[in-house]
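Dear colleague,

Please keep the sequence and the 3D view open while you read.

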Amino acid sequence: MGRIKDIRPLKWTGESLLLIDQRKLPLKEEWIECKDYESVAKAIEDMVVRGAPAIGVVAAYGVAIGAKQVMKESKNFIDFKAKIENVINRLASTRPTAVNLFWALKKMKKILEAGTNEKDIVAALETEAINIEKQDVETNKKIGYFGAELLGSKEVILTHCNTGALATAGYGTALGVIRAAVETGRDILVYVDETRPYLQGARLTAWELQQEDIPYYLITDNMAGYFMSRGEITCIIVGADRIASNGDTANKIGTYSLSVLAKEHGIPFYVAAPTSTFDLTLKSGKEIPIEERSPDEVLFCHCKDCRIAPYNAKVRNPAFDVTPHENITGIITEKGVINSPDEEKILEFFSK
Ligand code: MRU
């Protein structure tokens with residue numbers, strides 16, 4: 001596999017959606033083609049594509065593909081609209097935590113509701129999906145800009161999960177800040193948590209950093225505290241799947257523990273996320289639905305051919321946890337940084 005400089009997890013062909021199969025990375029670069037909305041929904045459920053912004057973009061294309069399918073099958077305009085709503089509901093049922101999925105589907109629903117005929121709706125849905133994809137990359141570059149401004153000329157940054165180009169339409173959020181910091185000439189070393197159980201850090205973040213020659217060390221999750229206690233980490237930057245109106249942030253399981261360790265050691269702890277990751281309908285992180293995934297992700301190593309726990313072992317596998325806003329130094333968005341976020345600051349930020 002050669003080096004990829006401008007990593008993109010998806011390609012729209014005009015008829016179908018190509019997705020890099022993130023389950024196969026970093027060992028193989030394989031693309032799968034989604035020709036119908038059900039295969040898009042399955043790709044999200046099965047983690048072919050993952051990461052909050054990426055699943056939003058992919059779901060939008062799922063609606064665009066579904067609308068083309070539905071146009072061929074529907075009896076009349078009412079039937080056409082009802083069938084697209086079913087497509088939207090199916091895509092909404094794929095993963096519960098990342099709000100970007102529902103944000104993108106809401107945008108697609110608005111287009112559907114505003115349309116007056118089938119042909120125009122199909123065209124407008126495709127245009128909207130393309131816009132959502134384009135905007136995501138622009139948004140991430142702005143997050144990168146604001147994030148890099150917070151950093152000194154030399155930083156050792158710890159990150160968790162994969163928040164890079166693969167988790168978005170391109171460039172990334174927390175990893176986008178790291179990219180931007182390197183692009184602006186800062187001396188950056190990254191500590192990558194492997195991110196048990198699905199190993200997004202080891203498989204995807206390490207791979208992305210390697211594509212761009214950004215220096216990093218891969219560590220197991222339980223080593224993070226050790227390096228913090230020795231003063232070897234100067235900053236932590238993570239992504240987000242959903243941020244409540246008081247700033248409580250759901251992100252990959254293990255993020256909460258990092259935030260507690262960061263507080264203990266006086267290390268700045270930043271969340272980088274687009275404004276589409278905020279869910280202002282929720283008062284606090286307690287209301288964020290946390291996905292619980294298959295026990296197999298814990299019982300087997302990622303490649304599934306090697307069991308690592310006894311038969312009949314009882315497993316819990318929450319995919320996300322919630323970091324209380326008190327543990328967050330700042331939330332970096334495309335519109336600027338919310339320092340020491342709380343309900344008042346977030347509401348003020350969104351009222352501008
Ligand atoms: O289960 P995943 O891989 O979809 O979880 C991804 C994360 O938790 C990311 O940190 C988050 O979605 C932000 S991605 C820019």
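Leaving out residues up to four places away in sequence, Asp241 touches Ala52, Thr97, Ala98, Ala250, Asn251, Thr277 and Phe320, where contact means that the C-beta atoms of two residues, placed from the backbone, lie within 7 Å. Please bear in mind that this is a predicted model, in which local features need pLDDT of at least 70 and side-chain atom pairs count only at pLDDT 80 or more, while totals for chains, interfaces and linings use all residues. Residues are numbered from 1 along each chain as its sequence is written.

The annotated residues

Asp241 is the residue that UniProt lists, in an unreviewed entry, under "active site"; UniProt positions follow the numbering used here, with feature names shortened, and such annotations may be inferred rather than shown by experiment. Asp241 sits in the loop between β7 (235-238) and β8 (242-244), where strands (E, at least two residues) and helices (H or I, at least four residues) are DSSP runs numbered from the N terminus. Asp241 counts as buried because it has 30 C-beta neighbours inside 10 Å; the cut-offs, applied to C-beta atoms placed from the backbone, are 20 or more others within 10 Å for buried, 12 or fewer for exposed, and partly exposed in between.

The unreviewed UniProt entry also gives a "binding site" at Arg50, Gly51, Ala52, Arg95, Gln200, Asn251 and Lys252. Of these, Ala52 belongs to helix α2 and is buried, since 27 other C-beta atoms lie within 10 Å of its own. Apart from its neighbours within four places in sequence, Ala52 is in contact with Ala98, Asn100, Gly239, Ala240, Asp241 and Thr277, so that list contains Asp241, the residue annotated as "active site". Gln200 lies in helix α7 (residues 200-211) and is likewise buried, with 28 other C-beta atoms within 10 Å; beyond its neighbours within four places in sequence, Gln200 is in contact with Cys161, Asn162, Thr195 and Thr205.

Around the ligand

The ligand is surrounded by 17 residues, of which the closest are Arg50, Ala52, Ala167, Gly239 and Lys252, a residue being counted when its C-beta atom, placed from the backbone, lies within 6 Å. Two or more residues of this shell come from each of α2 (52-73) and β9 (249-252). By type, the shell divides into 7 nonpolar, 7 polar and 3 charged residues, where Ala, Val, Leu, Ile, Met, Phe, Trp, Tyr, Cys and Pro count as nonpolar, Asp, Glu, Lys and Arg as charged, and the others, Gly among them, as polar. Both domain 1 (10-140) and domain 2 (143-351) contribute at least three residues to the shell around the ligand.

The two domains

The protein chain is assigned domain 1 (10-140) and domain 2 (143-351), with bounds that come from an automatic or database domain assignment. The centres of these two domains, taken over C-alpha atoms, are 25 Å apart, and the contact between them takes 23 residues from domain 1 and 32 residues from domain 2. On the side of domain 1 that touches domain 2, the elements giving two or more residues are α2, α4 (99-114) and α5 (118-149), and the residues of that side divide into 12 nonpolar, 7 polar and 4 charged.

Strand β4 (residues 154-159) runs parallel to β7 and is joined to it by 2 bridges, two strands being paired if DSSP finds at least two bridges between them. Strand β10 (residues 269-272) is also parallel to β7, here with 3 bridges. Ile236 is the bridge partner of Leu158, and Ile236 also stands opposite Phe269 in β10.

β8 belongs to an open sheet of 4 strands, ordered β11-β8-β9-β12 with mixed pairing. β11 (278-279) and β12 (320-323) stand at its edges, each with a single partner strand, so one side of each has no neighbour in the sheet. β8 and β9 pair in the antiparallel sense over 2 bridges, and Arg242 has Ala250 in β9 as its bridge partner.

An exposed position

Ala82, in helix α3 (residues 77-92), is exposed because its C-beta has 12 others within 10 Å. The C-alpha atoms of Ala82 and Val70, which are 12 residues apart along the chain, are separated by 9.6 Å.
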